[in-house]
Amino acid sequence: GVCAFWAPAPGKVLRVAGGGSVTGVEVFPQGDRVLSWGAQAVALVRDAATGEQTCRFRGHSSQINIAKVFPQGDKVITGSDDGRAIIWDAVRCGALHVLEHARRVTEVAALGGGDTVATIGIEQGVAIWSVSSGKRLRTLVAKSHWLIDLFSGIEPFPQGDLLATYNVEAVVVWNVTSGAVLQRFANTSDWTYGVVVSPGGDLLAKWGSSSVTVWDVWSGAKLQTLAESSSMCFIAIGLSASLDPSGFGRGL
């Protein structure tokens, strides 16, 4: 497993950094470092210019499933099969808090200004935690149907008090502070592979095996359904897409 650093133009590999199995990477907001993680229960931070290792996060006892960099670039959160999420100091390279789940952690997200994080395990609900204390603040649970609480993924809004979750049944938008459900968008024709929120926080789009559906977050109105003949891997909303769902890029 290696991390390859590429130059966008002319598309050449600048350097290759080794270090165990790599299943995911994320670039820090400042663009100066790269986070990688994988099956060896270790997450690494590397200097983007040199490829040199600057931090080694070791604290999990099983593979790391997901990791995210905080918006400020000063912290990292990892989630593992060992039933724990860990918040790390990306400057001093040490663990700040261990967040315990009953079973493996599959998704993590840093919310808003980085004061809270959200985690999903193989259990009902989404756990919201304080970054400063490491304590669980609340669990987001929709009681309308048991399956809706077994979530596949989470997507934070630019506004720190909103969060989207999704699974096979629906996409749900939550008020993180109150724990209330703001919107529930049912899946009627296609599986949900992921969701994305517009930079302004007023549009939400979900993609499945062959379609993209766009909603107005505040009114709950469905704005558009975009169909494709082939399977999609990802979508992105352009910076100018505020209440204009035409500005989408799709990966096929």
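**Notes on side-chain contacts**

1. Arginine 33 is positioned over the face of phenylalanine 28, with a distance of 4.1 Å from the ring centre. A second case involves lysine 75, which lies over the face of phenylalanine 70 at 6.0 Å from the ring centre. Please note that the model is predicted.

2. Two aromatic pairs are counted. One of them joins phenylalanine 57 and tryptophan 88, which are stacked, at 4.9 Å centre to centre and with 25 degrees between the planes. Phenylalanine 57 belongs to strand β6 (residues 53–58) and tryptophan 88 to strand β9 (residues 84–89), so this pair ties together parts that are 31 residues apart in sequence. Phenylalanine 57 is buried, with a relative accessible area of 1%, and tryptophan 88 is likewise buried, at 3%.

3. Phenylalanine 185 and tryptophan 215 have ring centres 4.4 Å apart and planes at 10 degrees, so this pair is stacked. Distant parts of the chain are linked here: phenylalanine 185 is in strand β18 (residues 181–186) and tryptophan 215 in strand β21 (residues 211–216), 30 residues apart. Both phenylalanine 185 and tryptophan 215 are buried.

4. The side chain of arginine 46 does, however, reach the backbone oxygen of glycine 51, at 3.2 Å.

Methods:
Residues numbered from 1 in each chain as written. Predicted model: local features only at pLDDT ≥ 70, side-chain atom pairs only at ≥ 80, totals over all residues. Heavy atoms only, no water. Polar contact = N/O pair within 3.5 Å; in protein donor to acceptor, adjacent residues only side chain to side chain. Phe/Tyr/Trp six-rings, centres within 6.5 Å; stacked < 30°, edge-to-face > 60°. Helix = DSSP H or I, 4+ residues; strand = E, 2+ residues; numbered from the N terminus. Buried < 20%, exposed > 50% of the residue type's maximum accessible area, 1.4 Å probe, protein only. Lys NZ or Arg CZ within 6 Å of the ring centre and 35° of its normal.
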